[in-house]
Amino acid sequence: HELRRGSPTPARPMFAVFVAALAFHGPQPLARPSRVEMSLARREVISTLGSAILAAPLAAVADGATSAYTRQKAYAVYGQRILDLAQSIGPETAFVKDALNKELNAVTLFTTGAVLKGPTQEELKKLKAEMVAAADRDDGAAVKAALDKFIAVGKIRKLGEDNVFALNERRNLGAPPNDFIVKQTRRVQDFTAK
């Protein structure tokens with residue numbers, strides 16, 4: 001393929017189109033917006049700013065524990081840890097403060113995660129403070145009494161085998177439980193051993 005002198009190369013037609021486009025739409029002078037346009041722009045800015053100011057206090061009361069899923073998960077995970085703590089603490093328990101401090105985060109996370117803001121949450125916070133004060137005095141009976149009342153007010157109960165939030169059941173939702181998989185594995189091992 002031979003190019004003749006004066007014939008356009010592939011870049012020349014593109015440049016010609018670009019120059020032709022500029023011929024019809026040259027640089028535009030900067031125009032000052034009219035008074036109507038400025039008032040509309042000012043009105044939009046003020047309304048946006050006003051709505052942001054009105055919505056700002058709502059961000060301060062955002063509660064991540066309002067969805068049913070997060071409350072159920074907090075109830076299942078931290079409630080079971082609190083029940084285990086209640087079984088381990090008694091009037092004769094030595095080092096009550098250490099035992100309580102190990103699970104104090106579970107108590108806090110249950111209070112703020114499983115219970116919506118309101119009188120129940122306030123009661124649970126008071127009971128937590130009672131537990132901490134009794135643990136500081138090394139009074140196992142008072143800690144146990146406050147913990148039992150905490151369990152009653154929080155309506156914590158032992159969850160069964162079908163607890164999908166159990167830490168030993170870390171599988172996809174809808175997947176069979178771990179014991180089912182273990183039984184299948186044993187059957188396969190028994191079959192292959194024969």
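User: How many helices and strands does the chain have?

Analyst: The chain has seven helices and zero strands. Both are DSSP runs numbered from the N terminus: helices are H or I with at least four residues, and strands are E with at least two. Along the sequence the pattern reads α-α-α-α-α-α-α. A word on the source: this is a predicted model, in which local features need pLDDT of at least 70, side-chain atom pairs count only at pLDDT 80 or more, and totals for chains, interfaces and linings use all residues. Residues are numbered from 1 along each chain as its sequence is written, and side-chain values use heavy atoms, with hydrogens and water left out.

User: How do I describe two packed helices?

Analyst: Two packed helices are described by the angle between their axes and the distance between the axes. Axes are lines fitted to C-alpha atoms, for helices over the stretch in contact, and angles run from 0 to 180 degrees between N-to-C directions.

User: Is the crossing of helix 3 and helix 4 left-handed or right-handed?

Analyst: The crossing of helix 3 and helix 4 is left-handed. A crossing has that label if the near helix is turned anticlockwise from the far one by less than a right angle, and is right-handed if clockwise. Among the residues making the contact are Ala 74, Tyr 78 and Ile 82 of helix 3, with Ala 99, Glu 103 and Phe 110 of helix 4. Contact here means heavy atoms within 4.5 Å. By class, this contact of helix 3 with helix 4 has eleven nonpolar, three polar and four charged residues. For these classes, Ala, Val, Leu, Ile, Met, Phe, Trp, Tyr, Cys and Pro count as nonpolar, Asp, Glu, Lys and Arg as charged, and the others, Gly among them, as polar.

User: What about helix 3 and helix 6?

Analyst: The axes of helix 3 (residues 68–88) and helix 6 (residues 140–153) come within 10 Å and cross at roughly 150°. These two helices are therefore roughly antiparallel to each other, and helix 3 passes helix 6 in a left-handed crossing. The contact includes Leu 83 and Ala 86 of helix 3 and Leu 147 and Phe 150 of helix 6. Its residues divide into seven nonpolar, one polar and two charged.

User: Which residues other than glycine have a positive phi?

Analyst: Most residues other than glycine have a negative phi, and most peptide bonds are trans. Here, Asp 138 has a positive phi of about 60°, and phi of Lys 155 is near 55°. Asp 138 sits in the loop between helix 5 (119–136) and helix 6, while Lys 155 is in the loop between helix 6 and helix 7 (178–193).

User: Are Asp 138 and Lys 155 buried, exposed or partly exposed?

Analyst: Buried means under 20% relative accessible area, exposed over 50%, and partly exposed in between (1.4 Å probe, protein chains only). Asp 138 is partly exposed, with a relative accessible area of 48%, whereas Lys 155 is exposed at 67%. Of the 194 residues of the chain, 22% count as buried.

Notes
Parallel < 35°, antiparallel > 145°, perpendicular 65-115°, else oblique.
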